[in-house]
Amino acid sequence: MMVASVARESNQLLLISGHIDFDNALALKQQGEALISTGDSHCKIDFSAVTHANSAALMLLLNWTRHAASLSKTIEFTCLPEDLLGVAKVSGIDQLLFLK
C-alpha cells in the first residue's frame with residue numbers, strides 16, 4: 001500500500017500528500033473529516049504534494065465537501081493534479097466542488 005496523509009498546516013489550511021488510491025482513501029477521508037471538524041469555518045485543502053490520484057481522490061473531494069457543508073463550513077481545493085482535475089471536469093463533478 002502506498003502512503004498518503006492529510007496534515008494541518010494552519011487553522012484554515014490542510015495539506016494532502018502522497019499516493020491517493022482505494023487502499024488508503026477511507027483512512028484519508030476519516031483524517032480529513034476530523035481536521036475539517038476542528039478547523040476554522042473556511043478550509044482550504046492543498047493537493048500540491050500529491051504524487052498520484054485516481055478516482056478515489058474524487059470520492060474524498062465529494063465527501064469532504066459534504067462533511068464541511070454539514071458543519072456549515074466552506075471548503076476549497078487547490079493545486080489538484082491535472083489528471084484528477086480532468087476527470088472531475090469530464091464527469092461534471094467540478095461543478096459541485098470549489099476548485100482553484
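Cysteine 79 lies in the loop between strand E4 and helix H3 (82–91), where helices (H or I, at least four residues) and strands (E, at least two) are DSSP runs numbered from the N terminus. Its phi is positive, about 55°, although cysteine 79 is not a glycine. The model is predicted: local features need pLDDT of at least 70, side-chain atom pairs count only at pLDDT 80 or more, and totals for chains, interfaces and linings use all residues. Residues are numbered from 1 along each chain as its sequence is written, and side-chain values use heavy atoms, with hydrogens and water left out.

Serine 72 also has a positive phi, near 60°, and is a residue other than glycine. Serine 72 is placed in the loop between helix H2 (55–70) and strand E4 (74–78). Most residues other than glycine have a negative phi. The table sets out the accessibility of these two residues; buried means under 20% relative accessible area, exposed over 50%, and partly exposed in between (1.4 Å probe, protein chains only).

| Residue | Relative accessible area | Class |
|---|---|---|
| Serine 72 | 68% | exposed |
| Cysteine 79 | 42% | partly exposed |

The chain has three helices and four strands, and their order along the sequence is β-β-α-β-α-β-α. The radius of gyration, taken over C-alpha atoms, is 12 Å, close to the 13 Å that the globule rule gives for 100 residues, so the chain is as compact as a globular protein of that length. That rule is 2.2 Å times the number of residues to the power 0.38.

Strand pairing requires that DSSP finds at least two bridges between the strands. Strand E2 (residues 13–20) runs parallel to strand E3 (residues 42–53), and seven bridges join them. Within this pairing, leucine 15 has aspartate 46 of E3 as its bridge partner. From E2 the chain reaches E3 through helix H1 (residues 25–38), in a right-handed β-α-β crossover. Right-handed here means that, with the strands pointing away from the viewer, the path from the first strand over the helix to the second runs clockwise.

E3 also pairs with E4 in the parallel sense, over five bridges. Aspartate 46 stands opposite threonine 78 in E4. The chain passes from E3 through H2 to E4, and this β-α-β crossover is right-handed.

Of the 100 residues in the chain, 46% are buried. Among contacts (heavy atoms within 4.5 Å) with a separation of 6 or more, 68% are between residues 24 or more positions apart.
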